[in-house]
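I opened the notebook for a pass through this model.

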Amino acid sequence: MRFDEAYSGNVFIGSHPDYEDSRVVIYGMPMDWTSSYRPGSRFGPKRIREVSIGLEEYSPYLDRELAEVKFFDAGDIPLPFGNPQRSIDLIEAYIQTLLKDGKFPFGLGGEHLVSWPVIKAVYQKYPDLAVIHFDAHTDLRTEYEGEPLSHSTPIRKVAELIQPKHVYSFGIRSGMKEEFDWAEKNGMHLSKFEVLEPLKKVLPELAGRPVYVTIDIDVLDPAFAPGTGTVDAGGITSKELLASIHAISGSDVQVVGCDLVEVAPIYDHSEQTANTASKLVREMMLGWVK
Ligand SMILES: [Mn+2]
C-alpha cells in the first residue's frame, strides 16, 4: 500500500491494507442499469469513499473506532455496463469467494437489485437467514415493464427464496397495492412509514439469528438524502436511521452481512447524501461487526 492511500479518497477511511488479515471486505457494486427513474447510483460507492475523508474514525455512539475493526476496501467490482444478468452473476460469484474466505461482506450500491445476488450467496451459507430491509419502497414487484431484473424486484426475489416470513421491511411508504397485499397475505413483516419503534419490537424475536441488513438510502426523507434515484417524501430523519443501526447493534442479532444502496451523488450538490452515507457506513461497521 502507498503511504498516502488511506487518505487519498481511493479507499474508505481507516481501511486495512491487507485482505488476508481483514475480517470485513467493503466492495462497490457500481450498477444502475435497471433504474426506472433517475440513474446515477453507479457513482455512489466511489463518492462515499471520497467523502469518508471528512469522517472522524471514532464513534461517540458506540465508543469504538475504525482501527478496532479490520476491514479491507476492495474497490468496485468491475461490472459489464447494461447487462444486469451478467452483473448479478459476477456479484454472486464474488460474494461466494468472500464467504469462503470467512469475510463479512459489506456492499455499497449501486441500485437495489445488487442486493439480490449477495443475499442469495449469504443464504447458501446461512440457511436460517433473516433479512432486515430499510427502504421507502416495497421492492416487491415481480417485474417492471416486463423486466424481472429490475431495481423494483429484489425484495420479492429474496422473500421467495428465504420465505416471506423471514423478511422484515421498515419505513415502506411507496409501492403498488398488489405488493402490499402480497406482503400481508404471505406473512412478510412490513412496517409502513415507521422504522425505529417497529424494529425494536421485532429484534427480540430475531435474537441469535443470522441476519443480513440492506439499507436503501431513500428510507431517509429527501430532506436528508436528496441524492438518490427515486426520492419519496415522508421519510425518517438521519438521526432515526442511526438510532435504528444502533438498536440492531445493541440487540442479540448476529449480523452476517450488509449493504447500503441507491446513493446517486449527482442529484445532490450539497453532498449531504454521500456524507450521510459514509457516516452510516462507519456506524454499521462499528456496530455490526463484533
Ligand atoms: Mn429499494
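**Entry 1: helix pairs**

I began with H3 and H4, which pack at an angle of about 15° with their axes 9 Å apart. The model is predicted, so I noted that local features need pLDDT of at least 70, side-chain atom pairs count only at pLDDT 80 or more, and totals for chains, interfaces and linings use all residues. Residue numbers start from 1 along each chain as its sequence is written, and side-chain values use heavy atoms, without hydrogens and water.

Some terms for my own use. Helices (H or I, at least four residues) and strands (E, at least two) are DSSP runs, numbered from the N terminus. Axes are lines fitted to C-alpha atoms, for helices over the stretch in contact, and angles run from 0 to 180 degrees between N-to-C directions.

H3 and H4 are therefore roughly parallel to each other; angles under 35 degrees count as roughly parallel, over 145 as roughly antiparallel, 65 to 115 as roughly perpendicular and the rest as oblique. The crossing of H3 and H4 is right-handed, meaning that the near helix is turned clockwise from the far one by less than a right angle. I listed the contact (heavy atoms within 4.5 Å): Trp116, Ile119, Lys120 and Tyr123 come from H3, and Pro154, Lys157, Val158, Leu161 and Ile162 from H4. By class I have seven nonpolar, no polar and two charged residues for H3 with H4. Here Ala, Val, Leu, Ile, Met, Phe, Trp, Tyr, Cys and Pro count as nonpolar, Asp, Glu, Lys and Arg as charged, and the others, Gly among them, as polar.

Next I took helix H7 (residues 238-249) and helix H8 (residues 272-288). Their axes come within 9 Å and cross at roughly 15°. H7 and H8 are therefore roughly parallel to each other. Their crossing is right-handed. Among the contact residues I noted Leu241, Leu242 and Ile245 of H7, and Leu280, Met284 and Trp288 of H8. The contact of H7 with H8 divides into seven nonpolar, five polar and two charged residues.

**Entry 2: the manganese ion**

Which residues coordinate the manganese ion? I found His112 (ND1), Asp135 (OD), Asp139 (OD) and Asp216 (OD), at 2.0 to 2.4 Å. Donors are N, O and S atoms within 2.8 Å of the metal (3.2 Å for Na, K and Ca); water is not among the atoms, so sites may look incomplete. The donor spacing along the chain reads H-x22-D-x3-D-x76-D. His112 lies in the loop between strand S5 (104-109) and helix H3 (115-125), and Asp139 in the loop between S6 and H4, so the pair ties together parts that are 27 residues apart in sequence.

I checked burial (buried is under 20% relative accessible area, exposed over 50%, partly exposed in between; 1.4 Å probe, protein chains only). His112 is buried at 0%. Asp139 is buried at 6%.

Asp139 has a positive phi of about 55° although it is not a glycine. Glu262 also has a positive phi, about 75°, and is not a glycine. I placed Glu262 in the loop between strand S10 (254-261) and H8. Glu262 is buried at 4% relative accessibility. A cis peptide bond joins Gly109 and Gly110, with omega about 10°. Gly110 is in the loop between S5 and H3.

Last, I looked up Leu149. Leu149 sits in the loop between strand S6 (130-134) and helix H4 (154-162). At 14% relative accessibility, Leu149 counts as buried. Not counting residues up to four places away in sequence, Leu149 touches Thr34, Pro84, Gln85, Ile88, Leu113 and Lys157.
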